[in-house]
Amino acid sequence: MKRRLDGALVLRTVLLVSLVAYMQAGSFLRLGLDIKEPWYTKSWRMYSNRGSDECALTVYQLHDDGSRTELERWWEHLGAETVFLAPHAKAKGDRLKIGRRLCRALPDTQLSVVARCGKKGGFRKPTKTADVDVCNPRHLIRDAIQKVRP
Amino acid sequence: MSWLRERWLDIVAEEGSTRSMALLRILMAFTLWSRFAKELMPFRSLEDPAFVAVGIVFYIATTTMAVGFFTRTSMAAVTGVLAALVWGFEGNGSDPSAYTHHHTTMHLLSMAWLALTPAGKSLSIDRWLALGRAERHGGPIPLEVGATWARYLMGAQVATLYLWSAIDKLQRNFLDGTSLQHLVMRYYTGAALPDETWFVALCAFCGTATVVLELVLVVGLFIPRTHKVLMPLGILMHALFYVLIPVNTFTVLMITLYLAYLPPQTVHDAIDRLLAPPTPSPT
């Protein structure tokens, strides 16, 4: 038997179609057309760019013969018992802060720190600091001069 | 066209058991308590009478919704409270954008669609009272049956979330795992991000797999014969989200909403089976 589309079913049809369209509206405007959605719609945005302000650090031990070796588990020298307690580096400047803390923890060593910072959509190029001894005040002075130089 | 018309009528004219809607109603109330109860405690915002009023209505309406007393009115009131939070207050002292976050709006929209269902006809005080009336007047026992078309709205809401979430992630940096590496730095390793090949490959795999699974779930969850495979995969994905990143009540809300995809009679029969009287022991 063929079913009829009575008034109640027409109303449900209109409601279903319009509400499903409403669900799409905010996200379509924001993600499809890159337009800020109006207040009465809502868009879905998942973890876009979360954590992109963090930097990953690689620490090297510099040797007198000009060679360098990676300092494994460097965070342990800062008192972090596991990698999950390692410090966060939120900007390139934190490379020096963490480097200096390592210098204090490992006296009489020459260390360099390379930062690979996140950015929207990926990672920035690693800093060209693999041979810069952060434990040597002369390098720090040179860095400071370069910062203020126009 | 005739086939399409019949399928569409199957949706809008669906009459089925209301037990799955009732389960959704109860679980949704628990989820809302978990998400909002603490911050809506009236004493937390005595300086803002409107917020106190919203808190009081929240406590009363979610309680009556959970137990199924004046269920339609309760669900409408809860929807009103959530709408007031999203559009009227937007945030609270500790997080100014707490109520405009997409997780919060997901609570609101799911609740709004649930309010269109006859969720009070099962597992509720309303039903208890209806049974009492039927017994007193000698009438037939009221059936746990109602128009369940609005469950497709909840399904569409979940599918919408997956669709736009996947579209948002269809970028090289998510598919190659870079975005996940960012998350690992933020929540786990800080500056000590591993750069081993296996780790980079794992992040790329997880990023791509998440997007592929979300896209499959958009359509697949509407097809009952895929449920045995897709529902466990979806639940596993949300469980991993819950364990690995701070998503609060989002995981339990999404898993609860999966009930909307199940044919109402399947849920009804499952409850019957669970509650069937035990067979007498031979001894």
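I'll start with chain A, where helix α2, residues 93-105, lies across β1 and β3 and runs at about 150° to β3(A). Bear in mind that this is a predicted model.

Now the sheet under discussion. It is an open sheet of 4 strands in chain A, with the order β2-β1-β3-β4 and antiparallel pairing. Which strands stand at the edges? They are β2 (68-70) and β4 (122-123) of chain A. Each has a single partner strand, so one side of each is left without a neighbour in the sheet.

Back to the two strands that helix α2 of chain A lies across, β1 and β3. Strand β1 of chain A covers residues 55-62 and strand β3 of chain A covers residues 110-119. They pair in the antiparallel sense, over 8 bridges. To pick out one position, A56(A) has R116(A) in β3(A) as its bridge partner.

Next, chain B, and a pair of helices. Here α3, residues 49-67, and α4, residues 71-89, have axes that come within 8 Å and cross at roughly 150°. The cut-off for roughly antiparallel is over 145 degrees, which makes α3(B) roughly antiparallel to α4(B). The crossing of α3(B) past α4(B) is left-handed.

What makes the contact? From α3(B), the residues include F51(B), V54(B), F58(B) and M65(B). From α4(B), among them are M75(B), V78(B), V81(B), L85(B) and F89(B).

Notes
Residues numbered from 1 in each chain as written. Chains lettered and ligands numbered in written order. Predicted model: local features only at pLDDT ≥ 70, side-chain atom pairs only at ≥ 80, totals over all residues. Heavy atoms only, no water. Axes fitted to C-alpha atoms, helices over the stretch in contact; angles between N-to-C directions. Parallel < 35°, antiparallel > 145°, perpendicular 65-115°, else oblique. Left-handed = near helix turned anticlockwise from the far one by under 90°. Contact = heavy atoms within 4.5 Å. Pairing = 2+ DSSP bridges.
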